[in-house]
Amino acid sequence: MKLKLMVSFFLFTTCFRSFSQEMQNRTADEKGLIKVSIMYPYAEGKTFNMEYYETKHMPMVAAFLGSNLVKYTIDRGVASGIPNQPLPFMAIGTFYVKSLSEYQSAIGPNREAIRADFANYTNITPVILVSEVIK
């Protein structure tokens, strides 16, 4: 029994250390990147087709970004941080890129195609935030 407990404790601490190290490495890898967050505010009567966004729209924009793109993420809003308050955002798409100027150069000529595609998945005007990853 004591041996089982010691082995379990050893495995737990080893897994915890690996996870902690992985999270530190992931954060360090992202530091200094430019993060472009496209946020779709929730409002009564607004719609959002997550399947289209995930399978068509975001891959299309990612292709425009080319090698400047490090990764992208898609979040589906599920709740407000305050109980009984409305959902602030239906969805948030985020691109992590190496260079803001390269991002702007890639998006500029494709801006109309990107905007025209909105009608295929939403009737929401997004809010866009460009930031630098600090930690």
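Reader: Leaving out residues up to four places away in sequence, which residues does Ser99 touch?

Author: Ser99 touches Ile34 and Asn68. Please keep in mind that this is a predicted model. A touch here means that heavy atoms come within 4.5 Å.

Reader: Where in the chain is Ser99 placed?

Author: Ser99 lies in the loop that links strand S3 (89-97) to helix H3 (100-107).

Reader: Why is Ser99 called buried?

Author: The relative accessibility of Ser99 is 16%. The word buried applies under 20%, so Ser99 counts as buried.

Reader: What makes Lys35 partly exposed?

Author: Lys35, which is in strand S1, has a relative accessible area of 27%. Buried would need a value under 20%, and exposed a value over 50%. Lys35 therefore falls in between and is partly exposed.

Reader: Which residues is Lys35 in contact with, neighbours within four places aside?

Author: The partners are Thr94, Phe95, Tyr96, Leu129, Val130, Ser131 and Val133.

Reader: What is the order of the strands in the open sheet?

Author: The 4 strands follow the order S2-S3-S1-S4, and the pairing is antiparallel. Strands S2 (69-76) and S4 (127-132) each have a single partner strand, so they stand at the edges and one side of each has no neighbour in the sheet. On average, neighbouring strands are turned by 15° against each other, with direction ignored.

Reader: How do you know that S1 and S3 pair?

Author: Two strands count as paired if at least two bridges are found between them. Strand S1 (residues 34-41) and S3 have 8 bridges, in the antiparallel sense, so they qualify as a pair. Within S3, Thr94 stands opposite Ser37, and Gly93 is the bridge partner of Ile38.

Reader: Why does Ala91 count as buried?

Author: Ala91 has 0% relative accessibility, and the limit is under 20%, so Ala91 is buried. Its contacts, with neighbours within four places in sequence left aside, are Ile38, Met39, Tyr40, Phe48, Met50, Asp75 and Gly77. The C-alpha atom of Ala91 is separated by 7.3 Å from that of Ile74, 17 residues away along the chain.

Reader: Why is S3 called largely enclosed by the rest of the structure?

Author: Of the 9 residues of S3, 7 are buried, so the strand is largely enclosed.

Reader: Which residues are buried in H3?

Author: Tyr103, Ala106 and Ile107 are buried there. They span an arc of only 95° around the axis, so they lie on the same side of H3. As a general point, an α-helix has 3.6 residues a turn, so residues three or four places apart point the same way.

Reader: What covers the buried residues of H3?

Author: The cover includes S1, H2, S3 and helix H4 (111-117). On the H2 side, Val61, Phe64 and Leu65 meet Tyr103, Ala106 and Ile107 of H3.

Reader: At what angle do H2 and H3 pack, and how far apart are their axes?

Author: The angle is about 115°, and the axes are 8 Å apart. The crossing of H2 past H3 is right-handed.

Reader: Which strands does helix H2 touch?

Author: Helix H2 (residues 50-65) packs on the sheet and touches S1, S2 and S3. Its direction makes about 160° with that of S2.

Reader: How many helices and strands does the chain have?

Author: There are 4 helices and 4 strands. Starting at the N terminus, the elements run α-β-α-β-β-α-α-β.

Reader: Which share of the chain counts as buried?

Author: Of its 135 residues, 29% count as buried. The chain exposes about 9400 Å², and 59% of that is supplied by carbon and sulfur atoms. Among contacts with a separation of 6 or more, 79% join residues 24 or more positions apart.

Notes:
Residues numbered from 1 in each chain as written. Predicted model: local features only at pLDDT ≥ 70, side-chain atom pairs only at ≥ 80, totals over all residues. Heavy atoms only, no water. Helix = DSSP H or I, 4+ residues; strand = E, 2+ residues; numbered from the N terminus. Buried < 20%, exposed > 50% of the residue type's maximum accessible area, 1.4 Å probe, protein only. Axes fitted to C-alpha atoms, helices over the stretch in contact; angles between N-to-C directions. Arc of directions from axis to C-beta. Areas by Shrake-Rupley, 256 points an atom, 1.4 Å probe, with all protein chains shown as cover. Left-handed = near helix turned anticlockwise from the far one by under 90°.
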